[in-house]
Amino acid sequence: QEEADTRMLLHAADMVVDGKKNLIIKTVDTDVVVLCVAFFMNLSCENLWVAFDVGKNFRYIAVHDLVTSLGPHRSLALPFFHAITGCDTVSAFVGRGKKTCWEVWNKCPEVTEIFIDLFQEPSNLSETSLSTLQRFVNKLYDVSTDCESVNTARKKLFSSKGKSTVNIPPTYDALVQHIRRAVYEAGHVWGQSLNSQQQL
């Protein structure tokens, strides 16, 4: 496996095979929490806790409760959402934190199926997926926009609204490369967390 993050899930799956039903994974990495949520149903354990962070920020996160709260679709969509909006190995959109991205996701429920599809079938990056993801990214920079293309949104925000270049979406070409990186991380690397020999 390429990353320690995914190996933690593989070890957890092995413990379930050995008959353990209640697990705790200790980490300081948000990526691991996201993977625990996404793979909880596959692990088939009863309870999964994450002992997260250090010092005064240390807390136990009940992954089983999170999955119940989010529902199966959002839980499966979470890895690609996390990757495309910035994680350990994929850059974030400048000035657009997770909270902003989450709020936009709530307003664009149509991207959920795309997130799931690219997590489970990373080779399915189609023009339809790219169009939907462009609309999602546009709304990160202007929630009221109706622009379909990031290039159109860039022009509109820069020329008519006077936004600086750091406050407009990336170009289409740059966004495609960003999406491909997110697909590689979420779909190929994280998507094979439970495979002892990943095919990358």
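Let me begin with a definition: rings of Phe, Tyr and Trp, the last taken by its six-membered ring, count as a pair if their centres lie within 6.5 Å, and planes under 30 degrees apart make the pair stacked, over 60 edge-to-face, and the rest tilted. With that in hand, ring pairs link F80, F81, W102, W105, F115 and F136 into a cluster, and the structure holds nine aromatic pairs.

Before I go on, a word on the source. What we have is a predicted model, in which local features need pLDDT of at least 70 and side-chain atom pairs count only at pLDDT 80 or more, while totals for chains, interfaces and linings use all residues. Residues are numbered from 1 along each chain as its sequence is written, and side-chain values use heavy atoms, with hydrogens and water left out.

I will stay with the rings for a moment. A pair of aromatic rings is described by the distance of the centres and the angle of the planes. For F80 and F115 the centres are 5.6 Å apart and the planes stand at 45°, so this pair is tilted. It links distant parts of the chain, since F80 sits in helix α3 and F115 in helix α5 (residues 111-120), 35 residues apart; helices here are DSSP runs of H or I with at least four residues, strands are runs of E with at least two, and both are numbered from the N terminus. Buried or exposed, then, is F80? F80 is buried, with a relative accessible area of 0%, where buried means under 20%, exposed over 50% and partly exposed in between, using a 1.4 Å probe and protein chains only. F115 also counts as buried, at 0% relative accessibility.

The rings of F81 and W105 have their centres 4.7 Å apart and their planes at 25°, so that pair is stacked. This one, too, links distant parts of the chain, with F81 in helix α3 and W105 in helix α4, 24 residues apart, and both F81 and W105 are buried.

T85 is buried, with a relative accessible area of 2%. Leaving aside residues up to four places away in sequence, T85 touches S91, A92, F93, K98, C101 and F136, contact meaning heavy atoms within 4.5 Å.

Next, T27, whose place is in strand β1 (residues 22-27). At 9% relative accessibility T27 counts as buried, and a polar atom of its side chain lies 2.9 Å from the backbone nitrogen of D29. Among the residues that T27 touches, not counting those up to four places away in sequence, are M8, V50, F52 and D53.

Most residues other than glycine have a negative phi, and most peptide bonds are trans. S44 likewise has a positive phi, near 60°; S44 is found in the loop between α2 and β2 (47-52) and is partly exposed, with a relative accessible area of 46%.

In helix α2 we find L43, which is buried at a relative accessible area of 3%. L43 touches L9, A12, A13, V16, L48 and L194, again not counting residues up to four places away in sequence. From C-alpha to C-alpha, L43 and K21 are 9.4 Å apart in space, and they are 22 residues apart in sequence.

I will finish with the lining of the largest pocket, to which α2 (30-43), β3 (59-62), α3 (63-84) and α4 (98-107) each supply at least two residues. Which element gives the most to that lining? It is α3, with five residues. By type, the lining residues divide into ten nonpolar, two polar and two charged, where Ala, Val, Leu, Ile, Met, Phe, Trp, Tyr, Cys and Pro count as nonpolar, Asp, Glu, Lys and Arg as charged, and the others, Gly among them, as polar.

Conventions: Polar contact = N/O pair within 3.5 Å; in protein donor to acceptor, adjacent residues only side chain to side chain.
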